[in-house]
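Please open the structure in your viewer and keep the selection tool at hand.

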Amino acid sequence: MPSVFLLRRSAQSIAKSCAALLGTAGWALAGTSVRASECLPALHQARPTVLACDLRMSDGHVDRLLHRLRIEGQAPKVLLFTPSADDPLLFPTLANGAHGYWVEPEKPAAALPAALAAAQADRARMSPQIARDTLAAFDLSRGSASCLHKPSIAHDLSPVSAQGEMQRSEQALLSLLAHGLLASEIALSWQLAVDEIEGRIAAIYRKLHLLKAASAIDLQLS
């Protein structure tokens, strides 16, 4: 059974999330904590499927924890609770190891299990700002939306980034997201399932993790 560890700013937030999971079939609570700096031993013991955590904690943000989890190689999927998709801390935290986010004020608490299931299944969402930041991180330009709706572009695997990490189809997907299109609208244009588009977004986040890790190694060697 998949399990979730709740890392939240307050006991009240934890109680709210626990109430949303109460009676939900298929999810077990692996543990809870209100301090990012103290939860690592509990995570090692519980080994949850998903770590659901606030972007900002009372003892700082979660970047250091994500870094530790990543270098240890046994990290759970990480779903961030954020007050806004435009929070300036969201993109760097996603690049540092998180796999997706949930804008809590936009969604009823009852929608949390579905968000956890999406994270477990390697499906994610991406806001226009995060898409623009991702294009910039890979030094890619944003294409014109009017030129990117052809279904054939969805299957173009030709490399476009300097090291060949990103493909033409991924650049097109990021460009459409940056222009404000929803995953469902892109799926319709490309004649693909929405789950496929969300899976591709999750794959882009994983490439961001590798880019961030490679940059960190370069800094250590310089």
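The stops below each give a selection and a description of what is found there.

This is a predicted model, in which local features need pLDDT of at least 70, side-chain atom pairs count only at pLDDT 80 or more, and totals for chains, interfaces and linings use all residues. Residues are numbered from 1 along each chain as its sequence is written, and side-chain values use heavy atoms, without hydrogens and water.

First, select Y101, A124, R125, M126 and E198, which lie nearest the centre of the largest pocket among its 29 lining residues. A pocket is an open set of points on a 1 Å grid over the protein atoms alone, where a 1.4 Å probe fits, with protein on both sides within 12 Å along at least five of seven lines; lining residues have an atom within 4 Å of a point. The space in this largest pocket is about 580 Å³, a volume being the space filled by probe spheres set on the points. By class, its lining has 18 nonpolar, five polar and six charged residues.

Next, move to the second largest pocket, with about 200 Å³ of space. Select R70, A75, G97, H99 and H209, the closest to its centre of the 13 residues that line it. Its lining comprises seven nonpolar, three polar and three charged residues.

The whole structure has zero disulfides (pairs of cysteine sulfur atoms within 2.5 Å).

Technical notes. Ala, Val, Leu, Ile, Met, Phe, Trp, Tyr, Cys and Pro count as nonpolar, Asp, Glu, Lys and Arg as charged, and the others, Gly among them, as polar.
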